Amino acid sequence: MGSRHFESDRIADTYVRVRPRPPRSLIENVMANLEKSLKKEANGRWPLVVDVGSGSGQTTFMMRKYFDRVLGCDISSAQIRQADKLNKYTNVSFKIAPADSIPVPDESVDLITASECVHWFDLEPFYVEVDRVLKPNGVLAVFGYHPIPAKCRVAGRSSLVGHKLEEIMDQTIMKLYDSHDWNRAPIDLLLCRYETLPLPYTHSKRMDNIYRTYSYAAQNCVEYISSLSAFERLNKEDPQAAKVFITDFEEKLKDILMGDDLSLKIDVTFEFFVLFSIKK
Ligand SMILES: C[S@@+](CC[C@H](N)C(=O)[O-])C[C@H]1O[C@@H](n2cnc3c(N)ncnc32)[C@H](O)[C@@H]1O
C-alpha cells in the first residue's frame with residue numbers, strides 16, 4: 001500500500017517547515033519503554049535505531065543522543081534528499097528504502113520507530129521485516145498525530161476565533177479526504193488514532209493524549225494543508241482545482257482573522273499517540 005504522495009520536492013520542502021515533530025515527552029516515554037526491555041550499552045546508549053518512513057527526519061534527528069547509530073529510511077527520494085541536506089550529525093544517516101526492506105542485518109536493531117506513516121504501509125510484509133531486524137526484546141514504536149488540530153488559539157482574540165479556526169481546519173481537511181475516489185483505509189486508520197491497527201507482538205500497549213503546540217503563522221496553516229497527501233493527489237490530478245481549493249481556504253482564514261495578514265500567529269495544538277509492540 002506504500003504511498004507515493006510524498007514524492008515531490010514541493011511536498012518534501014513544505015514538510016520541513018510545517019509538519020509537527022513529536023513532543024520530547026513522547027520520545028522520552030519511548031526510551032523509558034525501551035529501557036524496560038533492552039539494556040543500554042556501557043556508554044549509556046543503545047547501538048541502533050531505525051526510523052522507517054522517516055520523511056525529512058522529523059523523528060530521526062530526535063533519536064541521535066540515545067543511539068550510537070540512527071538510520072532513517074523512506075521510500076521517497078525527495079524526502080531523503082531533504083533529510084540529507086538537514087543532516088549535520090555523524091551518527092545519523094538516511095537511505096531510500098521501503099518499509100518492508102530495511103537495509104540492516106537480522107536481529108541488529110534495538111528500536112524501530114514509524115511516525116505518522118504506518119497507515120501507508122503494507123502491514124504484513126512490514127511486520128515480517130520488523131521481526132527479521134529487531135533483536136529479541138527489541139521494540140517497535142508506532143506513533144503519529146491526529147491530522148486535524150485539537151486546538152487553535154490567537155493571542156489577544158476571543159476563544160470564538162480559535163473555535164472558528166478549528167472548525168475551518170477540520171472542514172477543509174475532511175473535504176480534502178472526501179474529495180477523491182481513493183482508498184480511504186489509510187486515512188481512516190489515522191483518523192481513528194490507529195485504534196484498529198493490528199500489532200505484530202502480543203506484548204503491546206498504547207499511550208494517548210500527548211499534546212504539542214506550535215506557533216504557526218496563518219500562512220503555515222495554509223502550507224500544512226498543502227502538505228497533506230490528499231492535497232498532493234488533488235494537485236497532481238487537477239492543479240487548477242488545487243489552486244482554487246487552497247485560495248478558498250486562505251480567504252476563509254482571512255475572514256476569521258478579519259484581515260489580510262497571514263503572518264498573524266496562531267497557536268496550533270496537535271494530539272499525538274504512540275503504540276508499542278515488543279518482540280518477546
Ligand atoms: C506523513 S509522512 C511522515 C514522515 C515523518 N515520519 C513524520 O513523522 O513527519 C509519511 C512518510 O512515509 C513514507 N512512506 C510511505 N509509504 C512508505 C513505504 N512503504 N516505505 C517507506 N516509506 C514510506 C512517505 O514517503 C512519507 O515520507
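**The whole chain**

Start zoomed out: for 280 residues, a compact globule would have a radius of gyration near 19 Å, and the chain has 19 Å, so the two agree. (That radius is taken over C-alpha atoms, and the globule rule is 2.2 Å times the number of residues to the power 0.38.) You're looking at a predicted model, in which local features need pLDDT of at least 70 and side-chain atom pairs count only at pLDDT 80 or more, while totals for chains, interfaces and linings use all residues. To find your way, number residues from 1 along each chain as its sequence is written.

Of the 280 residues, 42% count as buried. Buried takes 20 or more other C-beta atoms within 10 Å of a residue's own, exposed 12 or fewer, and partly exposed is in between, with C-beta atoms placed from the backbone.

Select residues 67–74 and 92–96. These are strands E2 and E3, which run parallel and are joined by 5 bridges; strands pair if DSSP finds at least two bridges between them. Look for Asp-74, which stands opposite Ile-96 in E3.

**Stop two: helix H7**

Next, select residues 218–226. How many of the 9 residues of helix H7 are buried? The count is 7, so the helix is largely enclosed by the rest of the structure. Among the buried ones are Asn-220, Cys-221 and Tyr-224. Show what covers them, including helix H1 (9–18), helix H5 (159–178) and strand E8 (265–278).

Stay on Cys-221. Leaving aside neighbours within four places in sequence, Cys-221 is in contact with Met-169, Tyr-216, Leu-253, Ile-266 and Val-268; contact is C-beta atoms, placed from the backbone, within 7 Å. Cys-221 also belongs to the largest nonpolar core, which has 71 residues, and is listed with Val-50, Ile-112 and Ala-141 as having the most contacts inside it. E8 gives the most to this core, with 8 residues. (A nonpolar core is a set of buried Ala, Val, Leu, Ile, Met, Phe, Trp, Tyr and Cys residues joined through C-beta atoms within 7 Å.)

**Stop three: Pro-147**

Jump to Pro-147, in the loop between strands E5 (134–145) and E6 (151–153). Pro-147 counts as buried because it has 23 C-beta neighbours inside 10 Å. Draw a C-alpha to C-alpha distance to Leu-228: they're 81 residues apart in sequence but 8.7 Å apart in space. Beyond residues up to four places away in sequence, Pro-147 touches Ile-173, Leu-190 and Leu-228.

**Last stop: Arg-193 and Tyr-194**

Finish in the loop between helix H6 (185–191) and E7, where Arg-193 sits. Arg-193 has phi near 55 degrees, a positive value in a residue other than glycine. Tyr-194 has a positive phi too, near 60 degrees.

How values were computed: Helices (H or I, at least four residues) and strands (E, at least two) are DSSP runs, numbered from the N terminus. Two residues are in contact if their C-beta atoms, placed from the backbone, lie within 7 Å.
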